[in-house]
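Trainee: Could you help me learn to read how a helix sits in a fold?

Mentor: Gladly; let's look together.

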Amino acid sequence: MKIPPYLTKGDTVGILATARKIDHEPLEPAIKLLKSWGLNVVVGKTVGLDNNQLAGADWQRATDFQNMVDDPTIKAIWCAKGGYGTVRMIDRIDFTHFKKKPKWFIGFSDATVLHSHINNMDIATLHGIMCVSVAHATPEAIETFRKSLFGEKLSYSIPTHKFNKPGKATGELVGGNLSVLFSIIGSRSEVDYKGKILFIEDLDEYLYHIDRMMMNLERNGYFKNVKGIIIGGFTKMRDNDIPWGHDALEIIQDITKEYKIPICFNFPAGHIQDNRALVFGKEISMDVTATSTKIVFE
């Protein structure tokens, strides 16, 4: 696994929109944050474009991304916002130069498409806050983001959860948004989960959709092949008039309970203010006990 060069003061971060449209103003807190760390900022041409829900046409978002991928002065690419649309532009990108000289890609949610696609190239990515998240992110989320960018040691110790399954595991961390991972199954962007540690999170889904997606992963053997599972935020879940009868974490616990692997529930990452940074593609050790979960990035 290739780890892109960590940032140093004076480096440049490119900000662009791979999915939903966004104007310049909501990016100001993110730009101010980067500059406070001694970094320079380039804002992509997709910021301010308006194509219904999207930040320009597919070719415009792909072109903006391609230009930043190929620009040697840009050391990291940070998604302005999520939503939906990254999957519509991914196959337009030529990663030839990127594979030779990788740089950090940063985001979460819809950006899961790019995380998985890039991790397939044996290149690490940064799952963390997006630009639009900065104004409401916790200090912990921002600090772990900074540590990840500058190559400082990243580790977590979080309280236990009643659904946790104790155990130890070491492996490469992969994953992201459950709905997006589900949507790219069988595509060229799907990562190989075998022998790895899987992270999942989601937002604004019907509970029976969560059950359906988890059952698909279970029936395809994903959970019997991974070394461990980390469950992040499952927020703003929806239900039908006739209730499903279980919340999201209960659904996940029921489907994964028979597997003899460590499972950590309620990790602070996902569509929450306390969205802690995770480096996908990097090896981690996880130790789930009756009192806490410890996760260390090697």
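Trainee: Which elements do the buried residues of α9 pack against?

Mentor: They pack against β8 (197-203), α7 (207-219), α8 (222-225), β9 (228-235) and β10 (263-264). Helices (H or I, at least four residues) and strands (E, at least two) are DSSP runs, numbered from the N terminus, and contact means heavy atoms within 4.5 Å. Please keep in mind that this is a predicted model: local features need pLDDT of at least 70, side-chain atom pairs count only at pLDDT 80 or more, and totals for chains, interfaces and linings use all residues. Residues are numbered from 1 along each chain as its sequence is written, and side-chain values use heavy atoms, with hydrogens and water left out.

Trainee: Which residues of α9 are buried?

Mentor: First the general idea: an α-helix has 3.6 residues a turn, so residues three or four places apart point the same way. In α9 (residues 248-256), the buried ones are Ala248, Leu249, Ile251, Ile252, Ile255 and Thr256. They lie on the same side of α9 because their arc around the axis is only 160°, taken from the directions from the helix axis to the C-beta atoms. Buried means under 20% relative accessible area (1.4 Å probe, protein chains only).

Trainee: What caps the N-terminal end of α9?

Mentor: Asp247 does, with a side-chain oxygen 3.2 Å from the backbone nitrogen of Leu249.

Trainee: And how many residues has the largest nonpolar core?

Mentor: Such a core is a set of buried Ala, Val, Leu, Ile, Met, Phe, Trp, Tyr and Cys residues joined through side-chain atoms within 4.5 Å. Here the largest has 49 residues, and Phe267 is among those with the most contacts inside it. A second, separate core of 28 residues includes Phe163 and Tyr222.

Technical notes. Buried < 20%, exposed > 50% of the residue type's maximum accessible area, 1.4 Å probe, protein only. Polar contact = N/O pair within 3.5 Å; in protein donor to acceptor, adjacent residues only side chain to side chain.
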